[in-house]
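Please brief me on the architecture of this protein.

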Amino acid sequence: MKIRDMNLDEGDVLRVVIIGGGMGGAEVVRNAATREGLELVVVEPKDVIECQALYPDYLGGRVEVDDVVAPLDPFCRKMGAVHLKDRAVKVDLADKRVLCEKSDLDYDLLVLAPGAVQNYFGIEGAQKAFTINTLEETVRARRFVEEESPEKIAIIGSGPTGIETACLLAEGGSFKIYIVEMMDRPLPTLSKNASILMEKILEGKGMELLTSRRVEAIRDGGVAFSDGSRLDVDMTIWTAGVRPAPIAEVLDLPKKKGWLLSDRYLKAEGKEDVFVIGDCAWIEIDGKLATKTGMEAEIQAKHTARNLARVRQGAALKPYSIRASTDSPVALISTGCGCAVGIYGDLCVPIPKRIIYTFKSWIDKSVVKRFKV
Ligand SMILES: Cc1cc2nc3c(=O)[nH]c(=O)nc-3n(C[C@H](O)[C@H](O)[C@H](O)COP(=O)(O)OP(=O)(O)OC[C@H]3O[C@@H](n4cnc5c(N)ncnc54)[C@H](O)[C@@H]3O)c2cc1C
């Protein structure tokens with residue numbers, strides 16, 4: 001059945017099931033809640049909406065757990081939505097039914113927003129390293145730092161998360177920090193200007209940047225490299241790469257490199273009643289590829305909320321336009337001590353740094369606040 005042929009009566013209500021109550025899923029709820037004729041159910045095993053952008057700040061002791069999360073139940077109640085505290089394990093796309101660990105539920109429209117999980121690329125011992133991809137993991141890492149006082153810390157990956165982790169950790173203690181990168185420059189997905197600037201900043205902080213180094217294993221308290229060399233450290237934090245949330249693997253939907261493929265309306269390719277947004281999605285429109293950022297997830301969620309309402313009204317869906325694409329990425333990277341660097345495509349803005357940090361901090365904290373009741 002095609003959505004536009006749904007033939008709905010005026011009082012009919014469409015049940016929208018949203019898998020994932022993170023940045024994308026919660027933003028769909030916030031924006032779809034006021035729309036007529038939609039019943040919203042969020043399937044999410046966690047009790048809180050987490051703002052991952054603040055994890056490096058939490059690790060560095062700049063903020064506390066309460067600053068980083070918003071409770072999901074009160075938020076959903078306020079929005080007139082339902083939070084089903086459960087984990088989706090399968091979707092019967094023909095019968096329009098989500099199968100969860102503890103219960104099942106039917107949907108008229110489905111929004112997939114289960115995000116991404118850490119990718120260890122099958123590297124031996126990597127799973128035993130600390131990560132800051134979930135709050136639980138970040139709390140574990142901070143506790144280790146506070147209780148064990150590591151002297152030498154290796155951070156694997158020099159993307160924005162790795163850099164922020166290094167800089168915010170350095171701010172809170174006197175560690176020797178090594179940043180390990182497989183490519184020949186830090187921030188390899190951003191412009192060369194950004195890499196050059198970041199190299200200078202890291203050097204100024206006394207950090208050691210090990211580029212063109214491929215990690216072979218994390219073992220015996222150290223990092224073993226493919227060239228046979230080794231780095232002995234007291235703590236290793238893995239920030240190198242993500243992969244789609246496991247639910248994506250079992251869904252019988254088109255994928256690209258494992259990511260769920262969205263079309264220009266942010267629907268699952270070839271499906272009329274399934275939307276796919278946020279980090280789990282591969283969104284490529286007019287030659288642009290969407291970045292996996294909170295900013296993109298938020299705008300995609302707002303767009304999807306409007307399209308859900310259009311479905312209910314029997315109106316045509318509007319195509320999406322990517323804001324932060326991989327060829328013109330937007331990033332605000334905290335570099336510690338109240339400083340940050342703003343990056344937009346080839347443009348890098350290190351001055352006035354404190355203003356950028358204040359701006360970034362305000363954005364991240366306002367994300368959490370908007371979900372707090
Ligand atoms: C350390 C770190 C720092 C970051 N910093 C920034 C930054 O500064 N700026 C920025 O723009 N972006 C940043 N990001 C990226 C940003 O956080 C993500 O792009 C954004 O959270 C993606 O939103 P999402 O809804 O797709 O996924 P998420 O926010 O991860 O939410 C996914 C939700 O789905 C739930 N879920 C997963 N599987 C299931 C299932 N089977 N059933 C039910 N629920 C499920 C999860 O529990 C989770 O709550 C950062 C990410 C990390 C890890």
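The points below go from the overall division down to single residues.

This is a predicted model, in which local features need pLDDT of at least 70, side-chain atom pairs count only at pLDDT 80 or more, and totals for chains, interfaces and linings use all residues. Residues are numbered from 1 along each chain as its sequence is written, and side-chain values use heavy atoms, with hydrogens and water left out. Helices (H or I, at least four residues) and strands (E, at least two) are DSSP runs, numbered from the N terminus.

**Domains**

- The protein splits into domain 1 (3–45 + 86–117 + 243–313) and domain 2 (120–240).
- These bounds come from an automatic or database domain assignment.
- The centres of domain 1 and domain 2, taken over C-alpha atoms, are 34 Å apart.

**Five-stranded sheet**

- Five strands form an open sheet in the order E5-E2-E1-E9-E22, and the pairing is parallel.
- Strand E5 (82–84) and strand E22 (274–276) are the edges; each has a single partner strand, so one side of each is left without a neighbour in the sheet.
- Neighbouring strands of this sheet are turned by 20° against each other on average, direction ignored.
- Such angles run from 0 to 180 degrees between N-to-C directions, and axes are lines fitted to C-alpha atoms, for helices over the stretch in contact.
- Two strands count as paired if DSSP finds at least two bridges between them.
- Strand E1 (residues 14–19) pairs with strand E2 (residues 38–43) in the parallel sense, over six bridges.
- Within that pair, Ile19 sits opposite Val43 in E2.

**Three-stranded sheet**

- A second open sheet has three strands, ordered E15-E16-E17, with antiparallel pairing.
- Strand E15 (215–219) and strand E17 (230–232) are its edge strands, each pairing on one side only.
- E15 and strand E16 (residues 222–225) run antiparallel and are joined by four bridges.
- Val215 faces Phe225 of E16.

**Hairpin and its parallel neighbour**

- Strand E20 (residues 255–256) pairs antiparallel with strand E21 (residues 259–262) over two bridges.
- Lys256 stands opposite Trp259 in E21.
- E20 and E21 make a hairpin with two residues between them, and Lys257 in the turn has a positive phi of about 50°.
- E21 also pairs with strand E23 (residues 281–285), in the parallel sense and over three bridges.
- Leu260 has Ala281 in E23 as its bridge partner.

**Helix packing**

- Helix H1 (residues 23–32) and helix H9 (residues 294–313) have axes that come within 8 Å and cross at roughly 40°.
- H1 and H9 are therefore oblique to each other.
- For the classes, angles under 35 degrees are roughly parallel, over 145 roughly antiparallel, 65 to 115 roughly perpendicular, and the rest oblique.
- The crossing of H1 past H9 is right-handed, a term for the near helix being turned clockwise from the far one by less than a right angle.
- Gly24, Glu27, Val28, Arg30, Asn31 and Ala32 in H1 meet Ala297, Glu298, Ala301, Lys302, Ala305 and Leu308 in H9, where contact means heavy atoms within 4.5 Å.
- By class, this contact of H1 with H9 has six nonpolar, two polar and four charged residues.
- Ala, Val, Leu, Ile, Met, Phe, Trp, Tyr, Cys and Pro count as nonpolar, Asp, Glu, Lys and Arg as charged, and the others, Gly among them, as polar.

**Positive phi in loops**

- Phe121 is not a glycine, yet has a positive phi of about 50°.
- Phe121 lies in the loop between strand E10 (116–118) and strand E11 (130–131).
- Ser149, also not a glycine, has a positive phi of about 40°.
- Ser149 lies in the loop between helix H5 (135–148) and strand E12 (152–156).
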